[in-house]
Amino acid sequence: MNSNPSQSIQKIVIVGGGSAGWMTAASLSNVLKGKCDITLIESDEIGIVGVGEATIPPIRVFNQTLGISEAEFLQRTNGTFKLGIEFVNWGSNGSRYFHPFGTYGRQFDTVSMHHYWLSAHQQGQAKPLDEYAMAWHLARKGKFIHPSGDPKNVLSTFEYAYHFDAGLYVKFLRDYAEQRGVKRIEGKISHASKNKDTGFISSVSLENGQVIDGEFFIDCSGFRGLLIEQALHTGYETWSEWLPCDRAWAVPTASNADPIPYTRSTAHTAGWQWRIPLQNRVGNGHVFSSAFISEEHARQQLLDNLDSDTLAEPRLIKFVTGRRKRFWNKNVVAIGLASGFIEPLESTSIHLIQAGIAKLLALFPDKSFNQRSIDEYNRIAIAEVERIRDFIILHYKLMERRDTEMWRYCADMDVPDELAEKIAHFREFGRITKGEMDLFGNTSWLAVHIGQGNTPQRTDPLVHYSDADYTGWLNKLNQVMTQYAQQAPGHMAYINNMTKS
């Protein structure tokens, strides 16, 4: 049966700009092709959080879907490449490990590669796990090259994402969206009006008296949740018992060297510090728990651990980790920070915007706002964000340090049942169990388990049936990766070559 054109939504109102608002506007304008009025309301007086300068590989799909050239994107946003995250002091004080994008080596039979590594490592015949990730070989030498399309080549075993200036990305997407018919209105929203029969949002009013009516509203208003919370009272579920950090100081610094192609996260006494290198500057921040350190002390800890001069005064951001009880309520969908917040430890903020948009397009409504579709959106969104939450909690729970009150708290805290089972299963068998909607794959979980000392008590029994010379294979793999990394061009030289050609 054909759908009824008269039921098609004709007026979409996006409340709020920033990354969430303009990513949504760009995507909808690309898909709806001018056949629906899209209005975005934002106020220049309201700042954006703007710490989401590091991403994970799916951002490439988002840009490709919009038809955005990678070279133009890097040029317009002062972007750099990102091969993963280096974690410093996260296992024990002085420890380092790398969470690579891609895989460790390549499968060569039915047993997962890491079981062969575990067996060889127990015999003293293997290097640290990082040494078998092509992403790390490139990253530590400050090199970059695009992955190979040949699955037999080790250069096909890594992936990449980006670091970029979130403010410049917003401007880039605004240009894109406005060229495709999105109308921007400057102003602050004073209140939202609801239909007295359905409880749906019918319009929003600005402080200057202007009224903007709509059929479908997308709340990108950040932590405030102007529609999803203030108007519809959806409710919020907090995760502070597992993720104690609730503040961040953010500050840019001058570049004093070519940018490295990875993010660095360094654990401190009551939180951790990020370092995100762009072409023209470095993004820095200190995520911390106000229950375990004062704001002023945390600010000073950040300033004491910078490697170049600051370009502005540090800015304080306050947040509560958690999620709305529903992401889609009546005729309002919350995207980005309006839907909830997971601290930026694994660079998921921009991805969750992208994921919200993808689900919205997959379950796009008509004027009937079918409840089954809304329920499915909420089910998938909640499952996805809770799996990401568990992966972030993993870092805190596995911390081996006991030198400060916060890390002792994290070591002793109870964690969600599914995560507790994953930790125990890996510790006993070295096996990684996957849940529904796990964004992070086996490589990611393996990196954190091994990097933070959750060493398995045994390896896969199938290893002992193997005739493979796996120690020789591991050595050869490491040698080949070392050679390729040596030959690869420097990171900044590669970007310059791309953007100037």
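The model is predicted: local features need pLDDT of at least 70, side-chain atom pairs count only at pLDDT 80 or more, and totals for chains, interfaces and linings use all residues. Numbering starts from 1 along each chain as its sequence is written, and side-chain values use heavy atoms, with hydrogens and water left out.

**Stop one: Lys 82**

Select Lys 82. An unreviewed UniProt entry places a "binding site" here; such annotations may be inferred rather than shown by experiment. Lys 82 lies in strand E3, residues 80-82 (strands are DSSP runs of at least two residues, helices of at least four, numbered from the N terminus).

Lys 82 is buried, at 0% relative accessible area (buried means under 20%, with a 1.4 Å probe and protein chains only). Now show its contacts (heavy atoms within 4.5 Å). Leaving out residues up to four places away in sequence, they include Phe 101, Tyr 160, His 163, Tyr 262 and Ser 347. Next, pick Thr 55: the Lys 82 side chain reaches its backbone oxygen at 3.0 Å.

Zoom in on E13 (247-254) and E16 (281-288). They pair antiparallel over 8 bridges. Ala 254 has Arg 281 in E16 as its bridge partner.

Terms used:
Buried < 20%, exposed > 50% of the residue type's maximum accessible area, 1.4 Å probe, protein only. Polar contact = N/O pair within 3.5 Å; in protein donor to acceptor, adjacent residues only side chain to side chain. Pairing = 2+ DSSP bridges.
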